[in-house]
Amino acid sequence: MAKNIISLLLLIVSVVLNAKHSWDTFNYKNNPESVKAMTNLGISESAIPFLGILMLLITALLLIPRTFFIGNLFNAFAIVLIMALALKSGNYKMALIEIPFLVMPLIMIWLNYPFKK
């Protein structure tokens with residue numbers, strides 16, 4: 001039972017974070033700091049809406065029990081991509097900050113979908 005509760009809490013946190021990042025990505029023109037951070041990572045302004053769609057897709061995949069694994073896999077891939085771009089641009093602090101967010105989908109894969117029999 002505790003495993004299911006932990007898995008559910010991680011799922012809620014992950015869905016909320018992905019939805020927030022998706023929303024922020026779609027509204028990037030209102031936040032010049034996020035545009036600057038993404039351009040420092042080497043992400044062009046034309047690719048930013050694609051990232052928003054990807055994060056929205058990951059959010060939807062996490063909520064469906066049959067696509068839970070692939071959603072977490074895409075989530076981990078997206079985080080590794082951000083970490084790699086941060087390391088490439090010399091932003092080691094950002095890469096280190098992303099480590100707990102990388103561990104979260106991996107733990108969720110290990111715990112499985114909450115309340116799945």
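Modeller: Buried means under 20% relative accessible area, exposed means over 50%, and partly exposed lies in between, with a 1.4 Å probe and protein chains only. This is a predicted model, in which local features need pLDDT of at least 70 and side-chain atom pairs count only at pLDDT 80 or more, while totals for chains, interfaces and linings use all residues. Residues are numbered from 1 along each chain as its sequence is written, and side-chain values use heavy atoms, with hydrogens and water left out.

Biologist: Why does threonine 59 count as buried?

Modeller: Its relative accessibility is 8%, and since buried means under 20%, threonine 59 counts as buried. Threonine 59 belongs to helix α3, and its side chain reaches the backbone oxygen of methionine 55 at 2.8 Å. Residues up to four places away in sequence not being counted, threonine 59 touches Val15, Asn18 and Ala19, contact meaning heavy atoms within 4.5 Å.

Biologist: How do you know that lysine 20 and aspartate 24 meet in a salt bridge?

Modeller: A salt bridge requires a side-chain nitrogen of Lys or Arg within 4 Å of a carboxyl oxygen of Asp or Glu; for lysine 20 and aspartate 24 the N to O distance is 2.6 Å, so the pair qualifies. Side chains of opposite charge can pair when their charged atoms come close. Both residues lie in helix α1, four residues apart, about one turn of the helix, and a search of the whole structure finds one salt bridge. Lysine 20 is partly exposed at 47%, as is aspartate 24 at 32%.

Biologist: Which residues make up the largest nonpolar core?

Modeller: A nonpolar core is a set of buried Ala, Val, Leu, Ile, Met, Phe, Trp, Tyr and Cys residues joined through side-chain atoms within 4.5 Å. The largest has 12 residues, including Leu10, Met55, Phe68 and Met108, and α1, α3 (48–63), α4 (68–88) and α6 (99–111) each supply at least two of its residues. Another core, of 10 residues, lies apart from it, with Tyr28 and Leu85 among them. Beyond its neighbours within four places in sequence, methionine 108 is in contact with Leu10, Leu11, Ser14, Leu62, Phe68 and Asn72.

Technical notes: A polar contact is a pair of N or O atoms within 3.5 Å; within protein, one must be able to donate a hydrogen and the other to accept it, and residues adjacent in sequence count only if both atoms are side-chain atoms.
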